[in-house]
Amino acid sequence: MRILLVNDDERLVEMMATMLRRHGHEVVSTCSFESIPVSPRPDLILLDLWLARGDGIAWLRCFRATDTTPVIVVTRRDTEAERLRGLWAGADDYVVTPFSFAELNARMNALIRRSRYPARAQLRLSDLVIDVARRTVQRQGREIALTRKEFDLLLVLVRAGGMVVCREQILAEVWSTTWKGVARTLEVHVSSLRHKLGSPDIVRTVRGVGYGLSDRVGAPAHSGCR
């Protein structure tokens, strides 16, 4: 994945670039909005909106008017007003420093996965049909009532295509945290999901790692707008 870093904190950029490259990402960095390269197009942008030079809010609004590349704000600014300004300007997520790289990586992967599916996509796995736009789930033609978190959890597992998703990544995507205190809540939701889907083994547990869909469910197929 090609990552663009926009930040004027040299130590932070060096640390982030090192960690990202260790995870196999290609990294391009710049310290100002004026010097952001036009090409090659990044898969994801990590930026601080409040650099010493330039108006990050104005840049992001202008960028978002013509480009849908996922953007995560990474900054030390942590007031509610600043978070809201960044999100309203077009950021997809907001991470405050200091941060856990595991959580940042999980948020990045979540954004990339979501960007690969049309907003109105319908996902199908075996006898499961998931309408992303309507947030409905059917199995064998019968609609299954899920809570918001149960639906989000199922969607994370479905989009992983049978691969195991680590607990930290699920917590980051569904609960916007990697705090281990929420782990019990995750276990309860997995149990409830198994019960509602009518199969105790449809979600498999990989001890010490996380969860994944049963191998017999298969990889997701998706259709666009109907």
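## The cavity

A search of the whole structure, which is a predicted model, turns up one cavity of 30 Å³ or more. A cavity here is a set of points on a 1 Å grid over the protein atoms alone where a 1.4 Å probe fits but cannot get out. Grid points are joined across faces, edges and corners, and a volume is the space filled by probe spheres set on the points. The largest cavity holds about 40 Å³ of space.

Leu5, Val6, Asn7, Val13, Met16, Leu46, Leu47 and Val74 line the largest cavity, where a lining residue has an atom within 4 Å of a point. Two or more lining residues come from each of β1 (2-6), α1 (10-22) and β3 (44-47). Helices (H or I, at least four residues) and strands (E, at least two) are DSSP runs, numbered from the N terminus. The lining has seven nonpolar residues, one polar residue and no charged residues. In this count Ala, Val, Leu, Ile, Met, Phe, Trp, Tyr, Cys and Pro are nonpolar, Asp, Glu, Lys and Arg are charged, and the others, Gly among them, are polar.

## The chain and its numbering

The chain has seven helices and 13 strands. Of its 226 residues, 50% are buried; buried means under 20% relative accessible area, exposed over 50%, and partly exposed in between, with a 1.4 Å probe and protein chains only. Contacts (heavy atoms within 4.5 Å) between residues at least 6 apart in sequence join residues at least 24 apart in 57% of cases.

Residues are numbered from 1 along each chain as its sequence is written. Local features need pLDDT of at least 70 and side-chain atom pairs count only at pLDDT 80 or more, while totals for chains, interfaces and linings use all residues; side-chain values use heavy atoms, with hydrogens and water left out.

## Helix α7

Helix α7 (residues 183-196) has 14 residues and reaches 20 Å from its first C-alpha to its last, close to the 20 Å expected at 1.5 Å a residue. The expected span is 1.5 Å times one less than the number of residues. The buried residues of α7 are Ala183, Leu186, His189, Val190, Leu193 and Arg194. They lie on the same side of α7 because they cover an arc of only 140° around the axis, the arc being that of the directions from the helix axis to the C-beta atoms.

These buried residues pack against α5 (148-159), α6 (167-175), β11 (203-206) and β12 (210-213). On the face of α7 turned away from its buried side are the exposed residues Arg184 and His195. Gly198 follows α7 and has a positive phi, near 75°.

## Helix α5

The 12 residues of α5 should span 16 Å at 1.5 Å a residue, and the 17 Å between its end C-alpha atoms agrees with this. Helix α5 is mostly covered, with 11 of its 12 residues buried. Among them are Phe151, Leu154 and Val158, and also Lys149, Glu150, Asp152 and Arg159. Just after α5, Gly161 takes a positive phi of about 65°.

Leu44 is in strand β3 and is buried, at a relative accessible area of 0%. Its C-alpha is 5.2 Å from that of Ile3, 41 residues apart along the chain.

Not counting residues up to four places away in sequence, Gly86 touches Leu49, Ile57, Leu60 and Ala91.

Key
On a 1 Å grid over the protein atoms alone, a cavity is a set of points where a 1.4 Å probe fits but cannot get out, and a pocket is an open set with protein on both sides within 12 Å along at least five of seven lines; lining residues have an atom within 4 Å of a point.
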